[in-house]
Structure formats: C-alpha cells, structure tokens
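Q: Hi! I have a model open and would like to talk it through with you. Could you take a look?

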Amino acid sequence: QVQLVESGGGLVQPGGSLSLSCAASGSIFRIIAMGWYRQAPGKERELVATINGGWATNYADSVKGRFTISRNNALNTVTLQMNSLKPEDTAVYYCNGRIYSDHTKWDDYWGQGTQVTVSS
C-alpha cells in the first residue's frame with residue numbers, strides 16, 4: 001500500500017506565501033508523477049500543478065507565475081510553493097501521486113487534504 005501525507009497549509013493574508021509538502025511512503029516501485037489538486041466549496045476538484053519524473057511541470061493558468069512545484073526523487077516528496085496568494089486560492093489542497101507499487105501496476109493515490117485559506 002502507498003500513503004501520501006501532506007503538511008503545510010493554514011491561514012494567510014492576500015499577497016502572502018505558503019508552502020505545502022507531501023511525502024509518499026509504502027510499497028513504491030516507481031513514481032511516474034506527483035502533483036497538487038484543489039477543491040473549493042461548491043466546486044469540482046481541479047489541477048493546480050504536476051511534475052513528472054523528467055522534471056516536466058504543468059500548471060493551471062490561474063497559478064502560473066505565482067506557484068512553483070518541485071520534487072525530491074530521493075525522498076519521494078513534492079513541494080508546492082505558493083506566492084502572491086489570492087482569496088480565490090482558498091481551497092482544500094490534495095497531493096496526488098501516480099505510482100507503480102510493483103513493476104506491472106500503477107494507481108493514482110491521494111493525500112487526506114490540507115486547508116489553505118487566504119483572507120484578511
């Protein structure tokens with residue numbers, strides 16, 4: 001089994017910064033990609049940013065230039081640095097990992113979610 005554990009999040013004023021981290025552990029053969037998604041009240045879960053094993057990144061248009069995703073392959077961690085935060089960034093943020101648990105099978109795994117609130 002694979003577990004994703006998130007840390008970070010909290011309350012920040014508009015224009016402020018926060019960093020989210022996620023660590024994958026358990027039966028990991030190979031990580032294909034890791035990323036962050038978010039879900040605001042009354043809205044569907046949406047992609048925020050992803051990063052694959054080749055370091056290619058993908059960002060939602062709404063966060064480009066403000067958020068940076070990075071990955072530590074040795075530690076199986078992914079970090080989302082969020083700058084210039086806006087009230088519309090308020091949501092529960094979920095870590096995602098697309099992971100091979102053995103050499104034949106991969107699945108999408110999710111963290112428990114962490115709340116980010118941007119408010120004055």
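Predicted model: local features only at pLDDT ≥ 70, side-chain atom pairs only at ≥ 80, totals over all residues.

The chat below goes through the strands, the disulfide and the core.

Q: Thanks! Which strands form the open sheet, and in what order?
A: The open sheet has 4 strands in the order S1-S3-S8-S7, with antiparallel pairing. Strands here are DSSP runs of E with at least two residues, numbered from the N terminus, and two strands pair if DSSP finds at least two bridges between them.

Q: Which are the edge strands?
A: S1 and S7 (67-72), each of which pairs on one side only. From one strand to the next, the twist averages 15°, with axes being lines fitted to C-alpha atoms and angles running from 0 to 180 degrees between N-to-C directions.

Q: How many bridges join S1 to S3?
A: There are 7 between S1 (residues 2-8) and S3 (residues 18-26). Serine 7 faces serine 21 there. S3 also pairs with S8 (residues 77-82) over 6 bridges, where leucine 18 has methionine 82 as its bridge partner. S7 and S8 pair over 6 bridges too, and serine 70 sits opposite threonine 79.

Q: New topic: how many disulfides does the structure hold?
A: It holds 1 disulfide, meaning a pair of cysteine sulfur atoms within 2.5 Å. Cysteine 22 is joined to cysteine 95, with an S to S distance of 2.1 Å.

Q: Why is that disulfide left-handed?
A: Because the torsion about the S-S bond of cysteine 22 and cysteine 95 is about -85°. Cysteine 22 is in S3 and cysteine 95 in S9, so the pair ties together parts that are 73 residues apart in sequence.

Q: Are those two cysteines buried or exposed?
A: Cysteine 22 and cysteine 95 are both buried; buried means under 20% relative accessible area, exposed over 50%, and partly exposed in between, using a 1.4 Å probe and protein chains only.

Q: What about S9, how many of its residues are buried?
A: S9 is mostly covered, with 8 of its 10 residues buried. It runs antiparallel to S4 with 9 bridges, and alanine 33 stands opposite arginine 98. S9 also pairs with S10 (residues 106-110) over 5 bridges, and a hairpin through 5 residues joins S9 to S10.

Q: Last one: which residues touch the most other members of the largest nonpolar core?
A: Trp36, Leu80, Met82 and Tyr93, out of 30 residues. Such a core is a set of buried Ala, Val, Leu, Ile, Met, Phe, Trp, Tyr and Cys residues joined through side-chain atoms within 4.5 Å. Strands that each supply at least two residues of this core include S4 (30-39), S5 (46-52) and S11 (114-118).

Conventions
Residues numbered from 1 in each chain as written. Heavy atoms only, no water.
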